[in-house]
Amino acid sequence: MNIVDQIRETRDISRDALATLLSTDDRELVDHLRASAREVADAVYGKTIFIRGLIELTSHCKNDCLYCGLRRSNRSAVRYRLSDEEIYQCCATGYQLGFRTFVMQGGEDGWFDDNRMCRIVGTIRKQYPDCAITLSLGERSRESYQALYDAGADRYLLRHETASPEHYARLHPAEMSWQNRIDCLFALKEIGYQVGCGFMVGSPYQTVDTLLADLQFIRSFQPHMVGIGPFVATHETPFAGFPNGKVNDTLRLLAIIRLLHPHVLLPSTTALGTLHPQGRELGVQYGANVVMPNLSPKLHRKDYAIYDNKICTGEESAECRACTEQRFRRIGYETVVSRGDFK
Ligand code: SAH
């Protein structure tokens, strides 16, 4: 049997198959991978794309991740925080534009403590009972995750970044712990969140073996969402001189993840759109079914600079919404007004 069909049928992948699919120049094999992944996605979600409105709460961060432009050691990063009112305004605009999921993401910023975050989540929950509230605020205590869940949050995105503890230690300062990040993911799931994990493609020191470990971790963890995007080398970080992750590797991994997890919610990321003008459309053609247009206030967008050359920092939310719809319509997909829950 062909290796693509084998992955699709067994929902498992060998190291050899992964290495082959990442390195092959065989156009026919790659086309078969792409078409199979899309068939699987179409069977579960049809020709629809779920949209999430991304609200970037804060560019302050206490962490010092070696890849990220918002790391605390980056003295040239511009720091901002959205006020409660600014956040509610983003939601109001987003709701009008047809968003039924709000994703609040940010650096790890003590200003957004449980008190403040529960107030914000509770207010949005009351105002928009028909919307999903997703948080992506990094590592917090189990009590904090529980309080935010009780306040009305439904989903949490926390990329595991790498399933290899040794690799994790090369991407993060010594004070950060791989085990803690993994413990956070399990706590979130136990509490009842729909949980997303994920990783960068082409991060420094990544190998076929660390990627295989990522796929095995995803297989055992069974997340509802998997966020992957290419690593983008960023100025004023220790990884500024490393090469960017490859668009092709990212696309092939999206397709592989779709074959391994037919139901998973799989975003076509802004990082993919940053490294290729049609990156997000290609992501969908390789099996992705979610996009996260930016709903942040235009004034602060350029300052949520986790990586260089991030797209969509000069547009209004309405422009991003319209652009998203057009881009996917052109390739035969409709963006839908829906919470876009896991099926
Ligand atoms: N502080 C939150 C949100 C982080 S930003 C948290 O810890 O989860 C969301 C994701 O952006 C990160 O998980 C990381 O995988 C990705 N990211 C950060 N820097 C990046 C870079 N230089 N290139 C590509 N992706 C990056």
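How many cavities of 30 Å³ or more does the count come to? The count comes to four, where a cavity is, on a 1 Å grid over the protein atoms alone, a set of points where a 1.4 Å probe fits but cannot get out, and lining residues have an atom within 4 Å of a point. The model is predicted, so that local features need pLDDT of at least 70 and side-chain atom pairs count only at pLDDT 80 or more, while totals for chains, interfaces and linings use all residues. Residues are numbered from 1 along each chain as its sequence is written, and side-chain values use heavy atoms, with hydrogens and water left out.

The largest cavity has a volume of about 1000 Å³, a volume being the space filled by probe spheres set on the grid points, which are joined across faces, edges and corners. Its lining counts 48 residues, of which Gln 105, Ser 136, Arg 159, Tyr 304 and Ile 306 are the closest to the centre. Two or more lining residues come from each of strand S2 (53-58), strand S3 (101-106), strand S6 (194-201), strand S7 (225-230) and helix H11 (270-275), these elements being DSSP runs numbered from the N terminus (helices H or I, at least four residues; strands E, at least two). S7 gives the largest share, five residues. By class, this lining has 25 nonpolar, 14 polar and nine charged residues, with Ala, Val, Leu, Ile, Met, Phe, Trp, Tyr, Cys and Pro counted as nonpolar, Asp, Glu, Lys and Arg as charged, and the others, Gly among them, as polar.

The largest cavity is the space taken by the ligand, a molecule being placed in a cavity if more than half of its atoms lie within 2 Å of the grid points. Around the ligand are 17 residues, and Tyr 67, Gly 106, Arg 159, Glu 161 and Val 232 come nearest; a residue is near if one of its heavy atoms lies within 4 Å. Among the polar contacts (pairs of N or O atoms within 3.5 Å), a polar backbone atom of Tyr 67 is 3.0 Å from a nitrogen atom of the ligand, and an N or O atom in the side chain of Arg 159 is 2.9 Å from a ligand oxygen atom.

The second largest cavity holds about 80 Å³ of space, and the residues lining it include Arg 52, Val 103, Thr 134 and Met 292. Its lining divides into seven nonpolar, one polar and two charged residues.

Finally, the largest pocket, an open set of points with protein on both sides within 12 Å along at least five of seven lines, contains about 280 Å³ of space. Among its 17 lining residues, Gly 202, Ser 203, Gln 206, Lys 246 and Asp 249 are the closest to its centre, and helix H9 (208-221) and helix H10 (247-260) each supply at least two residues of the lining.

Notes:
A polar contact is a pair of N or O atoms within 3.5 Å; within protein, one must be able to donate a hydrogen and the other to accept it, and residues adjacent in sequence count only if both atoms are side-chain atoms.
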